[in-house]
Amino acid sequence: MQPSPQALVVMDRDSYRAHFDGPRLQRLGQLVDLAEPVWVDELDSPSARARLATVEVLLTSWGAPRLTSDRLAAAPALRAVFHAAGSVRSLVSDEVWRRGIRVSTAADANAVPVAEYTLAAIIFAGKKVPFIAADPDRAYRGWSHHHGHGDLSNYRRTIGVVGFSRIGRRVVDLIGCLDTARCLVADPYADPAEVAAAGATLVDLPEMLPHSEILTLHAPELPSTYRMIGAAELALLPDHATVINTARGSLVDPAALAAECRSGRLYAILDVTDPEPLPADAALRAAPNVMVSPHLAGSLGTEIRRLTDHTLDELARWTTAQPLHAEVTAEAFTLHA
């Protein structure tokens with residue numbers, strides 16, 4: 001019987017405490033060999049480098065340092081990285097792919113609360129709940145005074161989904177609980193048949209925008225998606241449309257969005273911004289018709305344990321030579337967040 005691979009947990013202290021309660025730490029110990037220290041929050045000290053020298057597996061999450069060439073050189077036995085969070089973009093360097101180190105992510109599990117938040121935002125956007133509730137004059141004068149916000153309804157609306165990503169797909173599925181007129185998807189890499197099977201229609205972004213009473217963004221942060229929703233795109237949206245962004249703040253031109261919201265023509269529900277957090281004097285902070293939440297859509301609280309379970313399941317598959325369910329390849333890395 002082969003010995004269990006040596007593993008090291010690498011993340012900040014708060015993440016480690018959130019991910020690993022007693023039962024999950026015990027399960028980890030059954031899958032791999034855990035020497036001391038079990039957990040570190042950096043990879044440059046002598047004690048961390050001593051552990052790296054024999055480690056075959058890293059379990060990472062928020063706060064893990066980037067796996068640079070120098071750090072990887074100190075880990076000659078490293079064969080796999082299991083990331084118990086979403087994007088690995090800030091973690092993985094080209095040296096990881098050059099060395100053939102396998103990478104897995106819990107992004108699928110992290111997509112669950114983001115999609116749930118997005119559905120809630122879509123429903124609230126249909127009724128303009130955040131914006132009416134924020135106006136004390138309207139909030140306490142009765143339903144007959146809620147004029148000027150367009151059609152306050154979630155019936156037969158057209159919803160535009162930008163990005164048929166793991167989150168975008170879940171959002172399309174969840175939208176199925178609403179009696180919508182249409183769900184449109186814009187994604188240059190999506191398969192029309194897969195989009196149709198999910199109950200949506202694949203269109204180009206310029207074609208989508210004039211019909212989208214609610215526009216929700218789920219594209220990755222790439223050079224090609226920077227400011228993909230700018231003044232020209234916002235101008236195509238119908239009056240009283242709501243822009244929802246739970247993806248990356250860089251997808252939207254904040255000045256253009258603030259101008260549209262100041263005019264009263266558009267609305268926005270933003271869980272991400274650029275920059276993040278917004279400065280106190282940012283135009284979006286002062287604009288009406290804007291609700292900003294501080295990156296709440298992703299996994300928080302007990303939701304983090306879902307990420308841990310997903311990662312431990314993936315680790316179990318790897319230790320028994322089974323196919324990984326959430327492996328990130330070098331090719332996919334160029335297209336996803």
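**Notes on the model**

1. The buried residues of helix α13 pack against α12 (231-236), β10 (242-245), β11 (267-270), α14 (283-286) and β12 (290-292). Helices (H or I, at least four residues) and strands (E, at least two) are DSSP runs numbered from the N terminus, and contact means heavy atoms within 4.5 Å.

2. Please keep in mind that this is a predicted model, where local features need pLDDT of at least 70, side-chain atom pairs count only at pLDDT 80 or more, and totals for chains, interfaces and linings use all residues. Residues are numbered from 1 along each chain as its sequence is written, and side-chain values use heavy atoms, with hydrogens and water left out.

3. Which residues of α13 (residues 254-262) are buried? They are A256, L257, A258, E260 and C261. Buried means under 20% relative accessible area, exposed over 50%, and partly exposed in between (1.4 Å probe, protein chains only).

4. Have a look at both ends of α13. At its start, a side-chain oxygen of D253 comes to within 3.0 Å of the backbone nitrogen of A255. Just after the helix, G264 has a positive phi of about 85 degrees.

5. T311, in helix α15 (residues 303-319), counts as buried because its relative accessibility is 5%. Leaving aside residues up to four places away in sequence, T311 touches L59, F82, H83, A84 and A106.

6. F124 sits in helix α6 (residues 107-127). Is F124 buried, partly exposed or exposed? F124 counts as partly exposed, because its relative accessibility is 42%.

Technical notes. A polar contact is a pair of N or O atoms within 3.5 Å; within protein, one must be able to donate a hydrogen and the other to accept it, and residues adjacent in sequence count only if both atoms are side-chain atoms.
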